[in-house]
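Subject: Structure for you to look at

Hello,

Here is the structure I promised to pass on. Please open it beside this email and read along.

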Amino acid sequence: GKFGRYGGQYVPEALMPAIEELTDAYERYVLNNEDGFVDEFRRRIRDFGGRPTPLQRADRLSERYDTEVYLKREDLLHGGAHKLNNALGQVLLATYMGKERIIAETGAGQHGTATAMAAAHLDMPCEVYMGERDINRQRPNVFRMKINGSAVTPVTTGRGTLKEAISETMRDWATNVEDTHYVIGSVVGPHPFPKMVRDFQALISEEAREQVVDRTGGLPDSVVACAGGGSNTMGSFHHFVDDESVELLAVEAGGSSLAVDETEGVAPNSASLSTGTEGVLHGARTKLLQDGDGQIVESHSVSSGLDYAGVGPELAHLVDEDRVTPVNVDDDAAIEGFHRLSQEEGIIPALETAHAFGYLHEHHDELGDVTVINVSGRGDKDLDTAIEETAKRDVSNAPDMSMFNGGLR
Amino acid sequence: GKFGRYGGQYVPEALMPAIEELTDAYERYVLNNEDGFVDEFRRRIRDFGGRPTPLQRADRLSERYDTEVYLKREDLLHGGAHKLNNALGQVLLATYMGKERIIAETGAGQHGTATAMAAAHLDMPCEVYMGERDINRQRPNVFRMKINGSAVTPVTTGRGTLKEAISETMRDWATNVEDTHYVIGSVVGPHPFPKMVRDFQALISEEAREQVVDRTGGLPDSVVACAGGGSNTMGSFHHFVDDESVELLAVEAGGSSLAVDETEGVAPNSASLSTGTEGVLHGARTKLLQDGDGQIVESHSVSSGLDYAGVGPELAHLVDEDRVTPVNVDDDAAIEGFHRLSQEEGIIPALETAHAFGYLHEHHDELGDVTVINVSGRGDKDLDTAIEETAKRDVSNAPDMSMFNGGLR
Amino acid sequence: MSDAGGSDPLAAAFADGPAFVPYLAVGDPDYESSLAYVEALAEGGADVIELGLPFSEPIAEGPTIQNAVVRALEAGMTPTRFFEFVADLDVDVPLVCMTYYNLIYQFGSEQGPRPFVERAASVGISGFVVPDLPAEEAGALREACDEFGLDLVSIVAPTTGEDRLEKLVAVSSGYIYVQARLGVTGASSSVSDRTTESLARLEGVDLPKAVGFGISSGEQAATVVEAGADGVIVGSALVDIVAEGHESNEPTEATADRLESKARELKEGALEGYGRRTPTPEGTSD
Amino acid sequence: MSDAGGSDPLAAAFADGPAFVPYLAVGDPDYESSLAYVEALAEGGADVIELGLPFSEPIAEGPTIQNAVVRALEAGMTPTRFFEFVADLDVDVPLVCMTYYNLIYQFGSEQGPRPFVERAASVGISGFVVPDLPAEEAGALREACDEFGLDLVSIVAPTTGEDRLEKLVAVSSGYIYVQARLGVTGASSSVSDRTTESLARLEGVDLPKAVGFGISSGEQAATVVEAGADGVIVGSALVDIVAEGHESNEPTEATADRLESKARELKEGALEGYGRRTPTPEGTSD
């Protein structure tokens with residue numbers, strides 16, 4: 001259950017039996033395809049989810065940057081993001097384990113909506129915890145979860161964001177652990193979650209590797225993915241990790257600054273790989289945004305899906321091993337990346353994803369001849385934020401938005 | 001250019017040369033694959049659009065109705081609906097024709113967003129006409145078009161809906177016909193549009209027919225698709241038309257009533273196949289919602305994408321030939337269908353699509369052992385309307401929406 | 001081309017110098033005022049009057065006429081009322097019905113254009129202009145017009161090439177409506193070069209050529225006629241006057257007077273242009 | 001199990017009848033009041049006191065203690081201040097530090113638990129309870145505790161089966177924290193059957209068993225002790241009193257008095273339960 005010095009199972013004793021049960025189920029069903037679990041998962045993620053997703057050459061970006069830019073189109077997955085790979089895998093695993101109820105936490109709402117869809121598809125009752133502030137910023141996602149039949153429970157503790165929602169979901173799990181499976185939304189949490197979520201998300205790189213070889217006759221020089229918790233990141237990297245010639249770039253949210261304000265307990269970024277320090281949070285040892293005492297600080301990003309103070313332990317390890325390069329771009333570059341992909345390629349990316357395109361723009365000459373970028377999600381959920389954040393700054397490539405001054409309604 | 005007594009080219013003389021040029025281009029590029037047009041179209045709709053879309057067995061609906069229900073997942077196409085098949089095809093054709101500008105009309109905004117995406121992808125300037133009332137009801141779609149770099153021009157004439165937007169786009173075309181291609185959004189308008197749009201959309205039934213045979217070993221007993229203008233309908237039916245054993249059901253919007261209020265000039269439905277009479281509108285002879293004098297009446301549907309007084313001439317013809325059966329369900333049944341698919345299958349359908357599921361619910365025992373239903377689009381765009389319309393009625397299967405009483409924000 | 005020959009009132013209207021052909025939407029803003037307005041145009045010197053029967057989807061019209069159509073429909077104009085209107089009119093010039101094909105197609109108990117044409121003939125309509133009916137679709141209407149001795153006026157657009165011209169002229173009679181520029185109806189301030197090109201292309205056609213789209217002043221009418229037009233068609237500039245009168249609650253008579261005087265300006269412009277085109281030998285007939 | 005043996009102050013606290021083990025979040029709602037409150041608990045009869053060092057992500061706590069943690073953090077509580085607090089305390093009972101592992105891990109110049117344990121030992125802390133540190137991850141902390149002679153108290157949950165029990169007892173010393181029911185900390189009105197089951201399962205374990213989670217009254221304390229517990233741990237019921245005092249702006253002394261009297265009730269309840277468990281032979285020593 002470790003990745004070098006990272007990982008582990010830092011959870012209350014009450015949860016340990018469930019963690020052990022899950023570890024056993026993970027090994028039997030996911031690793032050894034017992035009862036044909038993997039076959040059923042692959043069939044459902046194909047028919048229900050829409051896999052394989054295409055690998056598309058980005059014609060105009062390739063021309064602009066004089067680099068072959070290929071887009072892995074996870075935005076086309078059912079629900080609009082890579083999140084379903086994991087949610088469907090875990091909800092299906094819960095049915096194999098005989099669990100009767102699903103809980104999940106969500107920040108931007110993407111993992112919550114993916115879990116709600118998977119739960120509806122597999123006829124499993126589902127409750128999603130979501131910070132009150134996030135609920136107010138992501139109401140369409142809240143509605144999607146409810147319309148899929150899930151309960152959405154507002155978390156009012158702390159500042160009402162992802163961090164608090166995770167803690168609250170852990171409390172529910174500690175209370176109802178015997179019949180309930182907690183669908184963690186990223187490659188974080190106690191073992192076996194980081195490995196298991198990675199395995200479900202690794203379909204991305206399994207397909208992308210085959211597709212890029214088909215298309216170009218060889219491996220890419222680099223693979224770029226945005227990194228918050230890191231599930232699309234590890235999913236995009238996993239099958240390339242052993243290909244030493246392929247550079248793996250994890251683009252974190254630089255927010256408005258990389259510095260931490262210790263007095264306020266706030267990091268105006270979510271760059272835990274780039275700037276974080278080792279610590280223990282939410283069940284695992286990993287890199288964290290924390291103050292000198294070990295108190296977790298509030299992270300920030302224009303993209304609520306990247307807005308998390310931790311990161312998957314495997315990524316932390318791969319960074320220490322120099323296999324993954326952590327980089328970051330700030331909010332401004334992400335907003336510009338959002339507009340650029342929308343206008344030049346006709347794909348409106350999630351603000352999370354937009355960070356990868358911000359990085360491409362700033363460092364395209366360092367990515368080699370062929371680069372694969374994971375389009376982790378679509379931006380429909382972010383329209384309101386994009387209007388607001390674009391209006392706040394001087395974005396050179398933004399369309400005239402004056403007709404939207406009142407927001408979307 | 002005719003389908004029996006329907007079809008034709010009822011357009012101003014000024015447009016006829018462009019129509020002739022388009023007919024020629026359609027025959028050369030689309031029908032005869034000149035310059036590899038069809039190959040490029042298929043490659044782009046695969047890589048950019050996400051084809052093929054899956055055919056998914058709906059486990060819970062199949063069990064509920066004791067009928068094998070298969071879903072053709074056009075909601076997974078880039079942009080969230082089948083619309084891209086046609087938009088990409090036409091914008092690509094415009095580049096082959098050397099046109100320098102694209103115009104389009106849009107009602108619910110789905111065709112507009114698909115056209116804007118295709119135009120961005122192919123680097124073609126684009127202007128979309130949209131009724132002012134529709135703009136106010138579909139602001140997220142308006143924003144998507146603008147963010148993709150398209151101009152969106154509000155149409156303030158009449159009641160500001162699709163009908164007026166079409167007229168206005170025709171006026172633009174009449175003015176700028178020499179360098180501009182008008183991307184009509186459905187199987188309507190003058191020849192060659194109904195045939196050409198059908199051919200682009202026929203990818204749906206080309207794939208679905210192969211998929212259902214693969215899956216079940218034979219043809220389905222029925223194919224069900226919602227029908228407004230009819231592009232997803234014809235797309236879903238085309239490759240089954242010669243399979244006489246397959247019943248083809250076009251589900252129209254029954255709205256609140258099938259009667260026409262002649263005094264007010266309003267049909268509280270959009271069921272032109274079921275209740276319309278022969279006439280000439282927007283370039284073609286077809287079935288229309290009109291009063292006794294031939295004035296077009298305002299149609300109505302809870303789904304703005306079905307809210308149109310005409311229908312594709314080929315569908316009108318196939319109905320007269322008894323090859324396609326026109327049926328309809330009312331707004332209430334559509335809203336229930338929306339909630340049912342969302343809760344039971346984890347797929348939130350467009351309100352257009354929801355009509356097909358309303359019909360499935362009411363007539364499942366008439367659809368044979370195997371039925372294919374086209375999930376023409378996803379419902380993200382309809383969340384606000386769904387909240388509003390659900391709150392207005394007593395919907396037995398709706399979730400508690402009290403937390404959304406103020407709408408999505 | 002119709003065989004109506006010499007007895008054709010439209011041909012006759014173009015026989016003595018340039019014709020002034022005004023357009024109004026019938027029933028705009030109400031039945032009675034509209035009667036007065038059409039009669040004022042006749043008083044002002046109209047040689048032919050195009051009477052617009054409002055259709056709910058006027059795809060070839062610009063905003064001015066669209067709004068007129070909406071006003072007329074809201075005031076209750078229908079095909080049946082339109083024919084009553086024509087019967088009620090007290091004017092002595094040939095009348096052309098301008099409308100969209102669906103209204104023609106739907107009228108009466110049987111589908112097809114015949115009942116509409118029959119009724120039009122009975123109230124004294126001389127011909128039709130149907131903007132959404134290209135030559136390719138005009139067969140049935142042409143047939144009915146022939147049966148009842150009415151003309152079918154075709155529109156020639158700037159985009160109409162030689163190849164289409166022949167097809168078009170074959171179904172036309174009365175006069176040719178030469179569309180002065182691309183786009184939709186509406187007043188504008190200059191006359192396009194394309195008008196001259198279109199007239200040149202039509203030189204061999206043995207029908208009067210009336211130019212429309214964008215003519216709003218006597219001077220423009222003069223220019224067009226000087227360029228070779230046999231007549232000028234003016235719609236939006238006149239509809240504007242009706243709209244202004246309606247919006248300012250002007251008495252019907254006052255609006256009618258302004259229409260009459262605008263008509264006079266346009267008619268005189270046409271004559272002026274005609275004079276420029278055929279220079280009178282200096283010093284004759286003082 | 002620790003070798004601290006007879007000199008272990010925690011073991012000693014359980015030696016003479018049932019122990020009352022109260023919990024408070026240190027620094028809630030401020031440093032000075034918190035000192036008074038902890039001292040009041042000692043006055044009220046506490047045998048061991050669990051001092052909560054607030055962590056920003058208290059995943060094992062219910063709303064009552066979460067809110068206390070927020071109040072304490074906002075009032076400036078830090079690990080360094082916590083140690084000052086312990087040094088400032090004027091009480092004569094063993095103290096246990098309850099906190100999350102990240103604070104222990106980060107303290108001092110080198111990473112790992114040793115600096116934190118060393119400092120805790122130096123200010124008089126006798127042991128630790130770390131809710132997010134299961135036996136599997138406890139090695140380094142256990143080692144540091146052994147080095148400085150401190151206890152590491154393990155939590156046994158209702159879900160802990162026989163297989164885990166052994167592993168768990170192997171790293172535990174001082175006492176066993178028996179979690180009375182599933183879920184998070186918080187006062188509740190009944191004592192679960194699962195408590196009895198857990199105590200039964202632990203019968204062979206040679207460490208005192210203190211039951212916590214949900215105990216809020218003297219009667220509950222009595223029931224738990226009667227069922228075989230060697231001590232009762234009470235947190236939320238006491239934190240509630242602090243919260244009420246804070247919200248109503250009650251003077252610190254008044255809140256402290258209420259805490260002391262609640263402590264007395266709980267301690268007496270524990271004794272009462274102990275009395276019920278070991279029936280005194282009738283009629284002796286009147």
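Predicted model: local features only at pLDDT ≥ 70, side-chain atom pairs only at ≥ 80, totals over all residues.

**Chain C: fold and size**

Chain C holds twelve helices and eight strands. Along the principal axes, the C-alpha atoms of chain C fill a box of roughly 60 × 45 × 35 Å.

**Chain C: inside and surface**

How much of chain C is buried? Of its 286 residues, 60% are buried, which here is under 20% relative accessible area. Now take the contacts in chain C with a separation of 6 or more. Residues 24 or more positions apart account for 73% of them. The accessible surface of chain C is about 10600 Å². Carbon and sulfur atoms own 47% of that surface.

Next, the charges. Chain C carries 17 positive and 48 negative side chains. The centres of these two sets lie 4 Å apart.

**Between the chains**

Which chains share the most contacts? Three pairs of chains are in contact, and chains A and B share the most. Chain B and chain D do not touch. Their nearest C-alpha atoms are 23 Å apart. Chain C and chain D do not touch either. For that pair, the nearest C-alpha atoms are 64 Å apart.

Best wishes

Note on methods: Residues numbered from 1 in each chain as written. Chains lettered and ligands numbered in written order. Heavy atoms only, no water. Helix = DSSP H or I, 4+ residues; strand = E, 2+ residues; numbered from the N terminus. Buried < 20%, exposed > 50% of the residue type's maximum accessible area, 1.4 Å probe, protein only. Contact = heavy atoms within 4.5 Å. Areas by Shrake-Rupley, 256 points an atom, 1.4 Å probe, with all protein chains shown as cover. Lys, Arg positive; Asp, Glu negative; His and termini not counted. Charge placed at Lys NZ, Arg CZ, Asp CG, Glu CD.
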